[in-house]
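Colleague: I would like to learn how to read a model one feature at a time. Give me the general idea, then the case at hand.

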Amino acid sequence: MPTNSSFTVQGTTTPISSPPRAELPLWRLYLLRLGYLIVGGGLVAFKWPELLHHETPWPFMTSVVTCMLVAMSVFALLGLRYPLRLLPILLFEVAWKLIWLGTDALPLWLDHNLDADTWASTTEILWVVIPLAVIPWDHVFRTYVTAPAERWR
């Protein structure tokens, strides 16, 4: 008789569950939760007031960015409950910030043309060091790089 984690095909029992993954130690989960708290809490503190209390119509990109960051804060706070399931939100946070730093801030800095507004944005975006430090990169590699892909059909 097959168990819940297997099925029978032509008289053979085949497991349908994936192989067990290495579990992260509890301290890594708490460290990851701290990262979600800093990212989510920071966005709640700085972006939610902008969303809720703007008096005049916003420039288009200001409204888009603010709404995206408010949505990100919701998912970051959900990461407190599900730290591994919500890793893609931290990976997105790291990706866009590193791309911006590499394509905008760094060239201006190297050319000694970093203006005050870009410097202000750069100092905010450099907070990327927190998610970089708390993300369990070994787990990311095992889960998103070396794990078998999901089926296409």
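Colleague: In which helix is K97 found?

Modeller: K97 is found in helix α4. Keep in mind that this is a predicted model.

Colleague: Is K97 buried or exposed?

Modeller: Buried means under 20% relative accessible area. K97 has 9% relative accessibility, so K97 counts as buried.

Colleague: What is K97 in contact with, leaving aside its neighbours within four places in sequence?

Modeller: The contacts are E124, I125 and V128.

Colleague: With which residue does K97 form a salt bridge?

Modeller: General idea first. Side chains of opposite charge can pair when their charged atoms come close. Here K97 pairs with E93, and the closest N and O atoms are 2.8 Å apart. Both residues lie in helix α4. They are 4 residues apart, about one turn of the helix.

Colleague: And E93, buried or exposed?

Modeller: E93 is buried, with a relative accessible area of 5%.

Colleague: How many salt bridges does a search of the whole structure find?

Modeller: The search finds 4. One of them joins the side chains of D138 and R28, at 3.2 Å from N to O. D138 lies in helix α7, residues 137-146, and R28 lies in helix α1, so the pair ties together parts that are 110 residues apart in sequence.

Colleague: How do I read the burial of that pair?

Modeller: Take each residue in turn. D138 is partly exposed, with a relative accessible area of 36%. R28 counts as buried, at 17% relative accessibility.

Colleague: Which residues are linked in a network of salt bridges?

Modeller: R28, D138 and R142 are linked in such a network.

Colleague: Where do K47 and E50 come in?

Modeller: Their side chains meet in a salt bridge, 3.4 Å from N to O. K47 is buried, with a relative accessible area of 19%. E50 counts as partly exposed, at 33% relative accessibility.

Colleague: Now helix packing. What describes two packed helices?

Modeller: Two things: the angle between their axes and the distance between the axes. Take helix α4, residues 87-110, and helix α5, residues 116-125. They pack at an angle of about 145°, with their axes 11 Å apart. The crossing of α4 past α5 is left-handed.

Colleague: Which residues make the contact?

Modeller: From α4 come W96, K97, W100, L101, A105 and L108. From α5 come T118, S121, T122, E124 and I125.

Colleague: Is H112 buried or exposed?

Modeller: H112 is exposed, with a relative accessible area of 72%.

Colleague: There is another histidine, H139. Where is H139 found?

Modeller: H139 is found in helix α7. At 8% relative accessibility, H139 counts as buried. H139 and L87 are 52 residues apart in sequence and 9.9 Å apart in space, C-alpha to C-alpha.

Colleague: On to the surface. Which residues form a nonpolar patch there?

Modeller: The patch is formed by L34, L37, I38, V44, L77 and W127. Together they have about 520 Å² of accessible area.

Colleague: Which helix gives the most to the patch?

Modeller: Helix α1, residues 26-46, with 4 residues. V44 has its place in helix α1. V44 is partly exposed, with a relative accessible area of 30%.

Colleague: Last, the whole chain. How many helices and strands are there?

Modeller: The chain has 7 helices and 2 strands. Along the sequence the pattern is β-β-α-α-α-α-α-α-α.

Colleague: And how do I read burial, surface and contacts at that level?

Modeller: As totals. Of the 153 residues in the chain, 27% are buried. The accessible surface is about 11,100 Å², and 67% of that belongs to carbon and sulfur atoms. For contacts, consider residues at least 6 apart in sequence: 67% of those contacts join residues at least 24 apart.

How values were computed
Residues are numbered from 1 along each chain as its sequence is written. This is a predicted model: local features need pLDDT of at least 70, side-chain atom pairs count only at pLDDT 80 or more; totals for chains, interfaces and linings use all residues. Side-chain values use heavy atoms; hydrogens and water are left out. Patches are made of residues with over 30% relative accessible area and no salt bridge: like charges are joined within 9 Å, nonpolar side chains (Val, Leu, Ile, Met, Phe, Trp, Tyr) within 5 Å. Accessible areas come from the Shrake-Rupley method with a 1.4 Å probe; for residues, only the protein chains shown count as cover. Buried means under 20% relative accessible area, exposed over 50%, partly exposed in between (1.4 Å probe, protein chains only). Axes are lines fitted to C-alpha atoms, for helices over the stretch in contact, and angles run from 0 to 180 degrees between N-to-C directions. A crossing is left-handed if the near helix is turned anticlockwise from the far one by less than a right angle, and right-handed if clockwise. Contact means heavy atoms within 4.5 Å.
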